[in-house]
Amino acid sequence: LVYLGQANKKENRAQILAALMRNFKFEHGMDAMSIALQVVDQLPQSMTGADFSAIASGALQRSLHRLCDEVELEVDRRRLLEETRKQSSPNDGMSNIDVDFVVNEWDDDRLLPTVTTKDLLEAGEEVIPSVSAEELAGYEALRVQFSPDFK
């Protein structure tokens, strides 16, 4: 049995969360560590690495949903413009405005989901810590019992 213990310091918790989000794009050009430092204090202290992973995944999922909604809104906006144009020129062909059309027009940066602080906090509200405070106390007691030199 290997027990590493829980990350109790804000900086350590933020490092774990930041490592899980190292490839994400964030609002306002922030980096993973900056945004992790903003949110870790608002998450339960008993969160484990697995819980942080679930939070990061949930936040990314929220940003992907938002990006998909933005694409759909752009499709709707373009179709409305196309319909308005067709009313003045009714002999034009059918519209080819669809999701693929919009996505192909956007550059790679525009197509990257942008994770926000709100995404992380909302994802954090949905994650139930995988280890209870009682379980953590039990693990700590075992650590003290079997590793008396480790403090």
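This is a predicted model: local features need pLDDT of at least 70, side-chain atom pairs count only at pLDDT 80 or more; totals for chains, interfaces and linings use all residues.
Residues are numbered from 1 along each chain as its sequence is written, and side-chain values use heavy atoms, with hydrogens and water left out.

What does Asp119 form with Arg66? They make a salt bridge, with the closest N and O atoms 2.7 Å apart; the term asks for a side-chain nitrogen of Lys or Arg within 4 Å of a carboxyl oxygen of Asp or Glu. The pair ties together distant parts of the chain, with Asp119 in helix 5 (residues 117–126) and Arg66 in helix 3, 53 residues apart. Helices here are DSSP runs of H or I, at least four residues, numbered from the N terminus. Asp119 itself counts as buried because its relative accessibility is 3%.

## Other salt bridges

Side chains of opposite charge can pair when their charged atoms come close. How many salt bridges does the structure hold? The number is 12. Some of these charged residues are linked in a network, made up of Arg62, Lys118, Glu122 and Glu126.

Over in helix 6 (residues 133–146), Glu140 and Arg143 sit three residues apart, about one turn of the helix. Their salt bridge has its closest N and O atoms 2.1 Å apart. Glu140 is partly exposed, with a relative accessible area of 31%, while Arg143 counts as buried at 14% relative accessibility.

## Around Glu74

Glu74 lies in helix 3 (residues 49–88). Is Glu74 buried or exposed? Glu74 counts as buried, because its relative accessibility is 14%. The side chains of Glu74 and Arg77 meet in a salt bridge at 2.7 Å, N to O. Because Arg77 and Glu74 are three residues apart in helix 3, about one helical turn separates them. Arg77 counts as partly exposed, at 41% relative accessibility.

Setting aside residues up to four places away in sequence, Glu74 touches Val102 and Trp106, where contact means heavy atoms within 4.5 Å.

## Ala59, also in helix 3

Ala59 is another helix 3 residue, and its relative accessible area of 0% makes it buried. Which residues is Ala59 in contact with, leaving aside its neighbours within four places in sequence? They are Val115, Asp119, Leu120 and Ala123.

Ala59 and Lys25 are 34 residues apart in sequence and 11 Å apart in space, C-alpha to C-alpha.

## Helix 1 against helix 3

Two packed helices are described by the angle between their axes and the distance between the axes. Helix 1 (residues 10–20) packs with helix 3 at an angle of about 45°, with the axes 9 Å apart. Those axes are lines fitted to C-alpha atoms over the stretch in contact, and angles run from 0 to 180 degrees between N-to-C directions. Helix 1 and helix 3 are therefore oblique to each other: angles under 35 degrees count as roughly parallel, over 145 as roughly antiparallel, 65 to 115 as roughly perpendicular and the rest as oblique.

Which residues meet at this packing? Arg13, Ile16, Leu17 and Leu20 in helix 1 meet Gly49, Phe52, Ser53 and Ala56 in helix 3.

Terms used: Helices (H or I, at least four residues) and strands (E, at least two) are DSSP runs, numbered from the N terminus. Buried means under 20% relative accessible area, exposed over 50%, partly exposed in between (1.4 Å probe, protein chains only).
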